[in-house]
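The sequence and structure come first, and notes on selected parts follow.

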Amino acid sequence: MDIREATTADIEGIRTVAHHSLAASYGHVLEDDIIGQAVERWYDEATLADDLDDTDSEFLVATDGDDVVGFAQCYVVDRRDVVGEIDWLHVEPDSRGSGLGNRLLSALERRLLEHGVGRIEGRVLADNEAGTDFYENEDFEAVGERTVEIGGEPFVERLYSKFPDAGGRQVLTEAATLPDGRQVYAALDESLRGSDGPFYTVYLDRGRDERYGYLCGNCDSFAVSMDTMGRVVCNDCENRRKPTRWDASYL
């Protein structure tokens with residue numbers, strides 16, 4: 001099997017692998033029509049073509065002859081540090097257990113280091129035991145959880161983090177001062193992707209027990225609001241949250 005950069009000629013194979021992999025990983029908790037809707041929305045040809053042209057994205061495929069049997073996609077995001085956000089890593093069910101996922105991740109990590117990435121993040125639903133085991137076996141550490149809504153049902157999503165050159169977990173908490181002089185703490189490993197920069201979760205204590213709100217990573221403003229639908233916007237620079245692929249707005 002070969003691992004190389006994905007091209008537009010791989011789009012149909014990527015869609016097929018995504019569908020088979022999602023069904024194998026989440027078929028026990030998600031209905032077939034929800035999985036089908038997800039593939040159509042997340043992996044339509046226009047979206048994939050845009051991702052392949054994105055200079056801040058790494059998109060690799062694993063091939064067996066002419067067939068795509070796996071792929072990995074990651075975005076390079078400039079936060080307070082440079083982070084590689086793994087969007088997807090999928091392997092055809094029949095090819096699982098062969099080490100292909102490990103090879104894809106290793107190839108992806110090498111490319112991310114060339115971008116100057118110091119931290120790599122991955123998210124997976126807690127119900128996907130194979131996915132959580134994969135990250136933990138690859139020296140990622142679970143650093144947080146959140147609840148996401150899929151097809152009207154709540155699911156726990158787990159965040160994994162890895163520092164390729166650091167050897168072990170680092171808790172990234174940055175002290176900041178509110179306009180009224182109060183001390184707060186921005187969790188650099190808890191963020192939402194925004195249109196112009198990330199939104200960092202802010203706490204009133206370093207131990208992250210009492211949540212305050214968000215810090216805009218684009219303009220360093222605390223004037224960030226969230227409505228009842230989960231839309232996040234900075235009232236100073238209009239940086240807006242980009243919904244994740246598990247968000248209810250997609251399904």
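Ser191 lies in strand E9, residues 183–192. Strands (E, at least two residues) and helices (H or I, at least four) are DSSP runs, numbered from the N terminus. With a relative accessibility of 9%, Ser191 counts as buried; the terms are buried for under 20% relative accessible area, exposed for over 50% and partly exposed in between, with a 1.4 Å probe and protein chains only. Ser191 is in contact with Arg79, Arg123, Pro198, Phe199 and Tyr200, leaving aside its neighbours within four places in sequence. Contact means heavy atoms within 4.5 Å.

## Basis of the model

The model is predicted: local features need pLDDT of at least 70 and side-chain atom pairs count only at pLDDT 80 or more, while totals for chains, interfaces and linings use all residues. Residues are numbered from 1 along each chain as its sequence is written, and side-chain values use heavy atoms, with hydrogens and water left out.

## Helices H1 and H2

Two packed helices are described by the angle between their axes and the distance between the axes. For helix H1 (residues 11–26) and helix H2 (residues 32–42), the angle is about 145° and the axes are 10 Å apart. Axes are lines fitted to C-alpha atoms, for helices over the stretch in contact, and angles run from 0 to 180 degrees between N-to-C directions. The crossing of H1 and H2 is right-handed; a crossing has this hand if the near helix is turned clockwise from the far one by less than a right angle, and is left-handed if anticlockwise.

H1 contributes Arg15, Ala18, His19, Leu22, Ala23 and Tyr26 to the contact, and H2 contributes Ile35, Gly36, Val39, Glu40 and Trp42. Seven of the residues in this contact are nonpolar, two polar and two charged. Here Ala, Val, Leu, Ile, Met, Phe, Trp, Tyr, Cys and Pro count as nonpolar, Asp, Glu, Lys and Arg as charged, and the others, Gly among them, as polar. The buried residues of H2 are Ile34, Ile35, Gly36, Ala38, Val39 and Trp42. They pack against H1, helix H3 (45–53), strand E4 (82–91) and E6.

## Cysteines

The structure holds zero disulfides, a disulfide being a pair of cysteine sulfur atoms within 2.5 Å. The closest cysteine sulfur to that of Cys234 is in Cys219, 3.6 Å away, which is too far for a bond. Cys234 is buried at 1% relative accessibility, and Cys74 is buried at 0%.

## A buried glutamate

Glu157 belongs to strand E7, residues 153–162. Its relative accessible area is 3%, so Glu157 is buried. The side chains of Glu157 and Arg146 make a polar contact at 2.7 Å. Such a contact is a pair of N or O atoms within 3.5 Å; within protein, one must be able to donate a hydrogen and the other to accept it, and residues adjacent in sequence count only if both atoms are side-chain atoms.

## Positive phi values

Most residues other than glycine have a negative phi. Asp139 has a positive phi, near 70°, and sits in the loop between helix H5 (129–137) and strand E6 (141–150). Asp139 is exposed, at 61% relative accessibility. Glu238 also has a positive phi, near 65°. Glu238 is in the segment after strand E13 (232–234) and is exposed at 55%.
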